[in-house]
Amino acid sequence: MSWSAADALDYKGFPADKSRTGGWVAAALILGIEICERLSTMGIAVNLVTYLVGTMHLPSSTSANIVTDFAGTSFLLCMLGGFLADSFLGRYKTIAIFASIQTLGIVGLAISVKLPQLRPPHCDIAAANNKCKQANEFQMGFLYLALYIIALGIGGLKSSVSGFGTDQFDEKDDKEKAQMAYFFNRFFFFISTGTLMAVTVLVYIQDQVDRSWAYGICSISMSIAILVFFWGTKRYRYKKSLGSPIVQIFQVIVAAIRKRRMQLPFDVALLYENYPEASRIGHTDQFCFLDKAAIVAEEDFERNAPAGSVPNPWNLCSVTRVEEVKMMVKLLPIWATTIMFWTAYAQMLTFSVEQASTMERSIGKFQIPAGSLTAFFVLAILITLAVNDRLIMPVWKKWKGQPGFTNLQRIAIGLVLSTLGMAVAALTERKRLSVAKEMRTVSTGPLPISVYLLIPQFFLVGSGEAFIYTGQLDFFITQSPKGMKTMSTGLFLSTLSLGFFVSSFLVSIVRRFTGSKDGQGWLADNINYGRLDCFYGLLSVLSVINFVAYLVCARWYKPRKPTKSSNGSSAEDRC
């Protein structure tokens, strides 16, 4: 067994010694910064809607869209972070830089909520016929600046942290490969622990002590995590940057378009290949149009060029490069059909929290913060991961010979659970609205209905996230080319981004077609006068349609099976 890890270097640039680098110790140091990132992100996002409604005096639908746009932008910027990591910075530097940017943004947010000049005068938003003054442009501008600096930091950090974690395990070592199989579950378990702390401890501090103190704790924890991350510099394994995958993808597409009128050769062995034998990816049959990028033409090689020179990649690409692009294209249908889950998930951070704020939340004299109801959401994740890790995976391995459900099966389970969660949410909201209708002329306080009725919807969507997050992360990292793993992680996280944006879009559309000039409709300014149950019902129907589409895409998807190029088969016939 080799003493060095395959394709990995130490911090000095020498081949990484397995006994001194990588493994669970290095992975744990990386997980530490992810825990603090999730602590900060969820500590802000999960209770932000109550701040926007109660302190900044914004309508509920506007507040919900601000939260989903913030979360969506955070995950969309993962694509930028992935590009920078793959092309210029590497994962280590990307994590360090963007974690610092996120910390700076959290400090700005703490200032925004602390200074009275940055928020409107206090007013009872729940009072009948209130005339609360909304936050002005300067106050909202400062808040937006802080939020989107945080979003930039989240995007760069999240794009690299999971990939850098998997870099600490050697896929060619059976022992370390087995450890990496458990990494995805434990990675999500760790970040769920950070989320649990955020929705309990931090939300309580925000509501009962001071919101600026909670954000101060977030910035301090991120600073400590960054120092711990730097402390592990000598322990990490590093992978060489292989150049921008986006440029490589466009090179293949452009070369294929330029040669679109050329015929594929009879034997796939005649297609151009310049990768070493050990690093090659075998030719596959799907998307044969892209194979034309590897057709060798006379003009691809200059007559006076020295021996061994590489042709212009915008004219001629190797079979391995073409197959890498095919692998990325094959991910797109699965990518598209997982967006709907995160649209349902967005409701747990917005309207479900607002529902909780109108319901009875007292335990004796203790008042449960509305944002802390998402603790049941996180507990569902932790319980599901623990059961899957300790019960389902061992049993499945003995029965099927596989370490648990496949990544596509986990995604399917997550989609089913989220669909059920939205259906249950619609029924629960119908019950809450019936109580609200009876109490309109009696009291302006909390409705006499227990907040615990919301637990089933939190639990179902939370269990669904445990399956779909680990399934997506596993799928996008293991099914992508080695040099495009950071980009594929960004592609996965973009489903979260688009899910939040789709939520904002649906809210805007529903508000436009069902709303009225006095702020009523399905998504009324005051949810006690709206029909949020209809909105949840709409999401349930869309989730069912999306699940059918996912099943079609999952059945179509074929895990890559390398084919030998020496069998004399015709590339044209294969197409």
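Select Asp167 and Arg91, both of which are buried in this predicted model. Arg91 has a relative accessibility of 12%, and Asp167 has one of 6%, so each falls under the 20% that marks a buried residue. With the side chains displayed, the pair can be seen to meet in a salt bridge, with 2.5 Å from N to O. Because Asp167 sits in the loop between helix 4 and helix 5 (174–208) while Arg91 belongs to helix 3, this pair ties together parts that are 76 residues apart in sequence. If you colour by secondary structure, helix 3 is the run of residues 78–114, and Arg91 lies in that run. The two side chains are also joined by a polar contact of 2.5 Å.

Lys239 is in the loop between helix 6 (211–231) and helix 7 (245–258), and Asp167 is in the loop between helix 4 and helix 5, so here the parts tied together are 72 residues apart in sequence. Is Lys239 buried or partly exposed? At 34% relative accessibility, Lys239 counts as partly exposed, whereas Asp167, at 6%, counts as buried.

Next, select Lys158 and Glu34, which form a salt bridge with their closest N and O atoms 2.8 Å apart. Lys158 is in helix 4 and Glu34 in helix 1, so the pair ties together parts that are 124 residues apart in sequence. Lys158 is buried with a relative accessible area of 4%, and Glu34 is buried as well, with a value of 0%. Over the whole structure, a search finds 13 salt bridges.

Now turn to the empty space inside the model. Rolling a probe the size of a water molecule over the atoms shows where such space is left. How many cavities of 30 Å³ or more does the count give? The count comes to 4, and the largest cavity holds about 150 Å³ of space. To find this cavity, select Thr41, Met42, Phe75, Tyr345 and Phe500, which of its 18 lining residues lie nearest its centre. By class, the lining is made up of 12 nonpolar, 2 polar and 4 charged residues. At least two lining residues come from each of helix 1 (23–54), helix 2 (60–76), helix 4 (137–166), helix 9 (339–349), helix 13 (455–478) and helix 14 (485–514). Helix 1 supplies the largest share of the lining, with 5 residues.

For the last stop, select Ser503, which is placed in helix 14 and, at 2% relative accessibility, counts as buried. Setting aside neighbours within four places in sequence, Ser503 is in contact with Thr68, Thr343, Ala346 and Gln347. Finally, draw a distance from the C-alpha of Ser503 to that of Ala64: the two residues are 439 residues apart in sequence, yet 9.1 Å apart in space.

Note on methods:
Residues are numbered from 1 along each chain as its sequence is written. This is a predicted model: local features need pLDDT of at least 70, side-chain atom pairs count only at pLDDT 80 or more; totals for chains, interfaces and linings use all residues. Side-chain values use heavy atoms; hydrogens and water are left out. Helices (H or I, at least four residues) and strands (E, at least two) are DSSP runs, numbered from the N terminus. Buried means under 20% relative accessible area, exposed over 50%, partly exposed in between (1.4 Å probe, protein chains only). A polar contact is a pair of N or O atoms within 3.5 Å; within protein, one must be able to donate a hydrogen and the other to accept it, and residues adjacent in sequence count only if both atoms are side-chain atoms. On a 1 Å grid over the protein atoms alone, a cavity is a set of points where a 1.4 Å probe fits but cannot get out, and a pocket is an open set with protein on both sides within 12 Å along at least five of seven lines; lining residues have an atom within 4 Å of a point. Grid points are joined across faces, edges and corners, and a volume is the space filled by probe spheres set on the points. Ala, Val, Leu, Ile, Met, Phe, Trp, Tyr, Cys and Pro count as nonpolar, Asp, Glu, Lys and Arg as charged, and the others, Gly among them, as polar. A salt bridge is a side-chain nitrogen of Lys or Arg within 4 Å of a carboxyl oxygen of Asp or Glu. Contact means heavy atoms within 4.5 Å.
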